[in-house]
Amino acid sequence: MNDAYLVPRPERDRRPIRFVAFGLAAILVFGLLTSRLAYLQLSNGPEYAAQAEANRTADVAVPAPRGLIYDRAGRPLVTNIATFAVRITPADLPFSRREDVSRRLGGLLGMEASDIITTLDGAPGSRFDPVRIAQDVPEDVARVVAESSNELPGVKVAVETRREYPDGPLLAHILGYTGPIDGATLGRLADRGYLADDMIGKAGVEATFESALRGTYGLELVERDATGRDVQVLQTTQDSVPGASLTLTIDRTVQKEATAALKWGMKAAGLKRGVFIVMNPQTGEVLALVSLPSYDNNLFAKGISNKDFQALLANKNKPLTNHAVQAHYPPGSTYKLVAGTGALQDRKITAETKIRTKPYLLLGSTRFYDWNRRGFGACNLNCGFGHSSDTYFFQLAGMLGADRLAYWGKIYGFGKPTGIDLPGEAAGIVPSNQWKINALGQPMFAGEVYQSGIGQGYDVVTPIQLVNAFAALANGGKLYRPQLVREIVGPDGTVVQSFKPDLIRKLPVSARTLRSMRLAARSTVVLRHTYNLVDMPVKVAGKSGTAEFGKRDSKGRLPFHSWFVGFVPKNPYKADFAKANSELVFLAFAYDSRTKGNAATEIAKAFLQNHFHIKKDYLNRDLLRRGNFYQSN
Amino acid sequence: MRVMRAEPGRFADVTSRSVGAAWRSYDLQLTTYAALLGAIGLVMAYTNSVEAGQSVLAGGTVFTRALMWSALAMVVFVAVTVFDYHWFKTLAWPIYGINVALLLLTLAIGDGVGGSARWVEIGPFTFQFSELAKILMMIVLATYLGNREGRLDSLPSILGACLLMAPPLLLVMMQPDLGTSLVLASILAGMLFMSGASLRWLLAMAAGVLAAIPLAWTYVLRDYQKDRILSFLNPAADAQGSGWQVIQSQIAVGSGGPFGTGLTNGTQSRGEFLPVQESDFVFAVLAQELGFIGALVVFVLFAALLWRILACAWRSRDPFGTLFGAGLATMVLIQVFVNVGMVIGILPVTGIPLPFITHGGASLVSLAIGLGIVQSVNIRQHRAEW
């Protein structure tokens with residue numbers, strides 16, 4: 001047994017066929033591998049080589065400095081400042097560590113971890129596009145984040161510029177703000193060089209003049225490794241071109257005067273919303289455009305927190321809405337401009353035609369009361385417009401009829417956006433028979449035509465439409481598009497686009513008719529319908545309005561807005577309203593005023609005192625007492 | 001016990017016999033091909049270690065570790081060659097026990113990526129005992145089947161071999177290391193086939209395995225393993241995720257063209273587009289940097305090596321030698337096929353090393369043991385004539 005292995009073994013019964021089979025299998029395997037290798041390397045080699053090259057290099061956009069914005073006097077309204085931003089590249093952040101990293105990073109940045117996760121999930125780009133988590137990170141925090149890269153995989157600190165708006169709420173509704181691009185917009189603009197983590201103008205002129213302000217991003221060919229780290233810049237394919245600058249028509253000083261006046265009136269009367277607009281009627285340039293409440297656009301420029309944003313959205317006075325442009329309201333008696341102009345031009349009346357004004361008009365069994373329950377007797381245009389007699393204008397509206405009234409409304413630019421350089425402009429409504437058939441299935445009733453004549457029917461207007469209509473009256477019949485930008489100046493200082501008045505239409509109204517209407521507007525002031533406005537050294541013509549809206553209270557009274565639209569002659573101290581040379585038209589709007597007097601008129605007076613440096617105080621604080629008094633129209 | 005038949009009489013015999021072994025039967029070609037493949041492995045370790053501003057000889061680089069493991073492998077190879085392989089037959093059962101114990105140890109204290117337990121740290125080194133398990137199981141199976149010569153086409157022989165393989169295979173699968181368990185199963189199949197086991201039973205078993213695939217998909221495979229298979233079937237579906245490796249490695253291979261980009265010039269590896277480029281995807285780097293010609297040289301060397309192993313197996317008068325050679329050849333062939341197939345995109349991604357070339361100490365040392373045993377068998381065939 002022990003020596004068994006020493007004995008030569010007999011030839012074993014081997015299976016040659018199995019060896020051959022194994023050999024064949026090996027040949028098959030190597031044949032298969034070789035042919036696949038030949039396919040990849042010999043047939044498709046160049047193609048794969050190109051892919052490997054594409055892998056290695058990437059075209060990287062070089063952001064261009066965004067253009068600046070100045071007011072008409074050249075005062076800077078926005079600056080670009082360099083800040084630290086924290087970004088996460090989702091592909092570099094293991095899913096299992098998201099919670100942990102978000103919590104840690106949130107702690108450093110003072111953010112909610114859930115906000116970080118939400119931002120990551122909502123990011124528009126691919127997993128390899130960095131997502132901006134926080135902007136405007138203080139330098140010391142940025143340093144800590146940058147140094148904690150081991151605990152914070154995928155988190156990077158980048159230097160980027162952001163917008164700073166020194167005046168904040170003063171100009172927020174005009175300038176708007178920039179913010180991170182959203183997925184839908186990126187999808188639309190990706191082929192125009194927008195990046196997944198790009199900033200884009202989101203409101204105001206930042207949005208409407210985005211393409212001018214943005215400039216042209218440059219392009220660099222960069223060598224990269226698989227983790228997306230830039231190894232080196234191989235070449236600059238295209239130099240970036242800084243964005244063009246805007247010079248606005250806005251005068252920051254006038255904007256401040258208007259804001260101060262509106263704030264004063266709103267505070268005195270306890271109001272929640274208000275609008276003040278100042279324009280040059282000769283050109284359509286907007287000098288001031290105030291919508292209160294406003295918001296601080298720097299919050300958005302810095303990257304607004306979800307909490308702050310929700311608070312702004314939840315505020316029922318809608319600070320994010322530009323009430324001058326994006327909202328429409330019943331115009332009240334200011335709309336008598338339309339019926340007056342129409343009746344004169346359609347030769348239903350002349351300025352001297354006397355119409356008997358009554359306490360009320362009877363239509364069937366319905367009484368349509370004048371605001372003055374005694375009436376004003378026989379009235380010509382100056383009397384009817386000046387006292388704002390409702391029964392006078394009921395009768396003018398009746399003479400014109402629904403469609404003719406609507407026609408003149410549209411002629412003045414109502415019912416259609418004015419085309420001002422701001423996003424989201426509302427259109428308003430001018431009710432005609434066709435409009436009512438479309439909206440409610442039947443034509444206008446006679447009573448509705450009456451109501452429409454005094455701006456209390458279905459009519460709604462935006463403040464910018466209303467002030468623009470009066471601008472056309474003040475300049476002798478030219479309806480201009482309101483404009484906010486005087487000049488676009490290229491980065492090299494050349495003027496790319498200079499200001500040109502943009503005529504919407506020449507009103508089909510005779511100079512005589514317009515002159516009569518201007519004089520009627522002056523009589524509003526002269527007849528002391530607007531109390532002591534006539535006593536001011538500055539000569540004003542205009543129209544006040546009280547527009548009821550909403551639901552009646554327990555005593556059957558409706559809440560109401562106050563309007564005042566006015567203009568002053570070229571020489572503001574000489575009451576020459578026969579000429580159409582006014583260079584200043586303004587509008588005051590007090591939302592839900594319910595004051596004893598017309599709050600808007602007081603606000604307008606406050607503005608005139610600020611603007612013309614009038615030392616004497618003409619303000620009637622008594623008229624601003626709240627109380628839902630149904631006062632004059 | 002049947003094993004005892006082949007046991008050397010006294011310990012002193014071992015030395016005398018090894019000294020007296022027939023060195024003219026030593027297969028120099030086999031050693032040459034293996035050495036050349038090992039050298040290519042070192043070259044790849046070198047090219048993978050080149051990084052700007054760092055010496056490839058600095059401690060801890062892939063290259064220095066590869067040098068060290070190569071030296072160790074050479075020592076192991078010589079030692080095993082000199083060692084009389086009959087002792088392996090004698091010690092087959094203890095070896096089997098040690099093998100299972102090492103795999104249990106790996107499961108208990110091993111580390112790995114993402115909660116797996118694949119390697120054990122020994123001092124500064126890590127060692128993957130599942131690599132060693134392949135060689136140890138070849139010894140055990142060659143001994144077992146060799147002792148049953150003449151009865152190999154019976155079902156009990158086949159079932160016995162399967163039962164022997166089952167515990168280590170399951171232990172490896174639990175790590176979880178699907179690739180290595182696949183290799184273990186292939187080794188079993190290859191050895192049974194070469195032993196002359198009944199084709200009927202083998203086919204029946206193969207059918208059974210195929211039938212079990214749906215069950216395995218549902219109950220055994222982890223999600224990442226399913227991902228790999230799915231992304232192999234359609235890499236573009238998740239090009240940035242699990243399809244990434246498949247696509248990137250094909251780009252690497254394809255961009256090599258006929259002559260390659262030259263050593264250390266592979267952009268795919270320099271830019272770290274290839275994950276695990278020094279281990280499982282090393283062939284992609286090789287194909288990019290050395291091109292079709294370089295890859296072909298590697299294939300030729302592998303084919304030559306297989307030829308020599310099979311020749312040695314054929315020559316062996318001891319069924320142990322034949323069976324062990326069959327197991328080793330099967331292992332090399334299946335690993336080359338699965339690894340290269342994965343790199344060039346005809347097989348799903350599995351963590352199977354390319355013999356000699358994939359950097360990894362356990363794989364290299366295990367190969368050294370296997371080749372050493374083949375040579376040990378070679379030089380001890382003609383002892384009787386001596």
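**Helix packing and a sheet**

Modeller: H1(A) and H14(B) are roughly parallel to each other, a term for angles under 35 degrees, with over 145 being roughly antiparallel, 65 to 115 roughly perpendicular and the rest oblique. This is a predicted model in which local features need pLDDT of at least 70, side-chain atom pairs count only at pLDDT 80 or more, and totals for chains, interfaces and linings use all residues. Residues are numbered from 1 along each chain as its sequence is written, while chains are lettered from A and ligands numbered from 1 in the order in which they are written.

Colleague: At what angle do H1(A) and H14(B) pack?

Modeller: Helix H1 (residues 16–43) of chain A meets helix H14 (residues 319–343) of chain B at about 20°, their axes being 10 Å apart. The contact (C-beta atoms, placed from the backbone, within 7 Å) involves A:Phe22, A:Ala26, A:Val29 and A:Leu33 of H1(A), and residues of H14(B) including B:Leu333 and B:Phe337.

Colleague: In what order do the strands of the open sheet in chain A stand?

Modeller: Strands of a sheet pair through backbone hydrogen bonds, either parallel or antiparallel. Here 4 strands follow the order E2-E10-E18-E19 (chain A), with mixed pairing; two strands pair if DSSP finds at least two bridges between them. E2 (69–70) and E19 of chain A each have a single partner strand, so one side of each lacks a neighbour in the sheet.

Colleague: How many residues lie between E18(A) and E19(A) in their hairpin?

Modeller: The hairpin has 5 residues between E18(A) and E19(A), and A:Gly493 in the turn has a positive phi of about 95°. The two strands pair in the antiparallel sense over 3 bridges, with A:Ile488 opposite A:Gln497.

Key
Axes fitted to C-alpha atoms, helices over the stretch in contact; angles between N-to-C directions. Contact = placed C-beta atoms within 7 Å.
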